[in-house]
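Please walk through the structure shown below, one chain at a time, and then consider how the chains meet.

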Amino acid sequence: MNDLIPMLGGSLGNPFELIDMPIDDWVTQFVDWLVNTFRDFFRTWVSPPVKTVMEWVQWLLTSTPPLAVLAGLFVIAWRAASWKVGVFAVVAFAFIGFMGVWEELMTTLSLVITSVLFCLIIGVPIGILCSRKDMTYTLVRPILDIMQTTPPFVYLVPAVMLFSIGNVPGLVATIIFAMPPTIRLTNLGIRQVPGQYTEAATAFGSTPRQILWKVQVPLAMPTIMAGLNQTIMLALSMVVIAAIIGAGGLGLLVFQGLNRLDIGQAFVGGLGIVLLAMVLDRITQGLGEKAPGSRASSDD
Amino acid sequence: MIRAEGVTKVFGPNPESVKPLLDQGKSKDEIQAETGHVVGVNNASFEVGAGEVFCIMGLSGSGKSTLIRCINRLIEPTFGKIILNDPEHGEMDIATMDDPTLRRVRSQHLSMVFQHFALFPHKTVLSNVVYGLEVQGRDKAEREELGKKYLEMVGLGGWENHYPDELSGGMQQRVGLARAVATEANILLMDEPFSALDPLIKVQMQDELMRIQQELGRTILFITHDLDEAMRIGDHIAIMDAGRIVQVGNPEEILVNPKTEYVAKFVEHADPTGVITAETVALPFSDRYFNRVGKEAGNQVWNRTGYSDIEFHVDTNGHLVKMRFEGNEVALHELEEKVTETGGAPERHTDAAVHCSSDTVLKRVLRGRAYSELPVIVQDAEGRLQGVIDEPELIHGILEKQGYAQDD
């Protein structure tokens, strides 16, 4: 009887010493395998489109004179939301410009626009697929949870290993981190379209595709726009983190400022990000309110 | 035009399994208690002729909305056939057709009006009206032309570019009606289209529908829980109870001769004055109720038994040629001449009487009685004296929904 205790050793009451799951080793091996196998694939098929779009957007924004950018911004904000938002956007951007970081602002804006564009191109169709088949959503949901909750630092390193440093790994990390709201809210928006409208469309002989594009997507638009808004906010929150692996812009100012203990520079970068976030938020909220489907809420 | 044969809808995990129970004639409640399956529609058969307004009436839960959705398969019927008789393609069974054919039939032959309008809130009034035409693949100019024409028809010309939420309920349903007729489908399915409207607007819309129907002559399947509505607009009425059609007939048949207690209960509260005809309630002109009192200028003179103050002078062809009240001759007028659509002021003449055709509804006869204190004369198709309607006949007709004379 007494022999039993030494036999179990110190593990009595502590089962964790009995079994050792080397998850860390497995992950290391998996990432090594992934990087070795797919590096070329990612560098030839994923990297170029992302990089090209980014460069194109950046070229457009930096080669346009700042005054023209401000004018364009005003028009967009005015059309999407209201003239008040237009004035606010212009004042906020001008303020950033007067702080002397216009170039960085444009770089960050290009990063956000590019990643959000890819989030929409990939996320909206996935969201639509999820809304049509419960099975798809059941499969996609845990992946979305992982994408949203995994701290971005965890996949920064594999991203660098796959794409090397620069804007591209930052963009890819941002796309992964910012896409879930687009998928979730596209799915939710379409599912929330009241059955009476799809029924009416069906009764008039519409095909499933006509029902989707003529009725469900337009009516889901306010919700899809809310998803876009969240996606943009998440993308902005990634710009500082992306700076760690070589992305430029306002995030880089913050990152460098902190490294050099230059609080002033970090603050300028931070303030720029906050103002940009407010401008983009107001504009996309306006888009949601003006979406044609937003009339549905006042109906019955 | 369209015919339902034994249409049955069973809700539940294994709907086919209740077939034997249905065949045994078990009721909805029994089947639900035994198997947990809910029988929405139980063996419904009816036929709607071209250009006819066919009302299906029942309380909520009677299966009428399920039945109409089985017709265009918004709900898949479990058993039964729905035969569409289309001049181009002959008889087709909607219940078994494949999806592309079903879509074609829905878009070209069957259109629908919904209880809660179901207008697309993100589309303008005009784009709502032309939705069905868009699905049919018509080009834009043609769509808009047709859309405007039908909007004009429902009295909403000029509202093209407004959105549904800017319109009142009645106006929204006009748009719903325009959307349904615009596809030029010959069959209109209307699912309680006016139930969500105020009583006044409701009556207005019923008139509007009848006016449009006169113009277009579509075949209409109309669902309602309001018997008065069914009586007003229906050529035929089917009454549903617990998933079954318990009686089919024209309004007067149902009112006068309810087949089951359930129908009788409904009918009890219905307003008979718009349905019952003069012919039904009139005291027949025969020697059973009238006495011949003499002859004058070649015409026979009659009194109603017990009323000697009114003389009816009838010629050899059976036409009423003269009428006397307390010895004075009274003027005879056509009822419709003295009674306008809106009523006509009650004058209570004793020096004039009105005559009407045998198919005049009681409501008009009452208006005639408001014009004159004397009995209303009912004439048959050849203008012969068929009977008279005096106070006892009216009271009896309204309360008992049948002729006074039939009682004895």
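How far apart do the end C-alpha atoms of residues 262–280 of chain A lie, and what percentage of the span is helix? In this predicted model, the end C-alpha atoms of that span lie 27 Å apart, and the span is 95% helix and 0% strand. Residues 262–280 of chain A are among the stretches that carry the annotation "transmembrane region" in an unreviewed UniProt entry, which also lists 56–78, 85–102, 108–131, 152–179 and 232–255 of chain A. For one of these, residues 152–179 of chain A, the chain is 89% helix and 0% strand, and the end C-alpha atoms are 13 Å apart.

The rest of chain A can be read against that background. Its secondary structure comes to 13 helices and 0 strands, so that reading along the sequence of chain A gives the pattern α-α-α-α-α-α-α-α-α-α-α-α-α. The C-alpha trace of chain A spans about 85 × 60 × 40 Å along its principal axes, and of the 300 residues in chain A, 42% are buried. When contacts in chain A between residues at least 6 apart in sequence are considered, 75% of them join residues at least 24 apart.

Chain B is divided into domain 1, made up of 2–109 + 185–270, and domain 2, made up of 278–407. The C-alpha centres of domain 1 of chain B and domain 2 of chain B lie 40 Å apart.

Chain B also contains an open sheet, in which 4 strands follow the order β2-β1-β4-β5 with antiparallel pairing. At the edges of this sheet stand β2 (38–48) and β5 (90–93) of chain B, and because each has a single partner strand, one side of each is left without a neighbour in the sheet. Neighbouring strands of the sheet are turned against each other by 20° on average, direction ignored. Strand β1 (residues 2–11) of chain B runs antiparallel to β2(B), and 7 bridges join the two; within these strands, Arg3(B) stands opposite Glu47(B), a residue of β2(B). Helix α3 (residues 64–71) of chain B packs on the sheet, where it touches β1, β2 and β4 (79–86) of chain B, and the direction of α3 makes about 60° with that of β2(B).

Ile201(B) is found in helix α9 (residues 199–216) of chain B. Is Ile201(B) buried or partly exposed? Ile201(B) counts as partly exposed, because it has 17 C-beta neighbours inside 10 Å, whereas a buried residue would need 20 or more. Once neighbours within four places in sequence are left aside, Ile201(B) is in contact with Gly169(B) and Gly170(B). Asp165(B), for its part, is 36 residues away from Ile201(B) in sequence, and the two are 18 Å apart in space, C-alpha to C-alpha.

It remains to consider where the chains meet. In chain B, 21 residues are in contact with 21 residues of chain A. On the side of chain B that touches chain A, at least two residues are supplied by each of α4 (99–108), β6 (110–113) and α6 (131–136) of chain B, and the largest share, 4 residues, comes from α4(B). Sorted by class, this side of chain B has 10 nonpolar, 7 polar and 4 charged residues.

Definitions and conventions: Residues numbered from 1 in each chain as written. Chains lettered and ligands numbered in written order. Predicted model: local features only at pLDDT ≥ 70, side-chain atom pairs only at ≥ 80, totals over all residues. Pairing = 2+ DSSP bridges. Axes fitted to C-alpha atoms, helices over the stretch in contact; angles between N-to-C directions. Contact = placed C-beta atoms within 7 Å. Nonpolar A, V, L, I, M, F, W, Y, C, P; charged D, E, K, R; others polar. UniProt positions renumbered as here; feature names shortened; annotations may be inferred. Buried ≥ 20, exposed ≤ 12 C-beta atoms within 10 Å, placed from the backbone. Domains from an automatic or database assignment.
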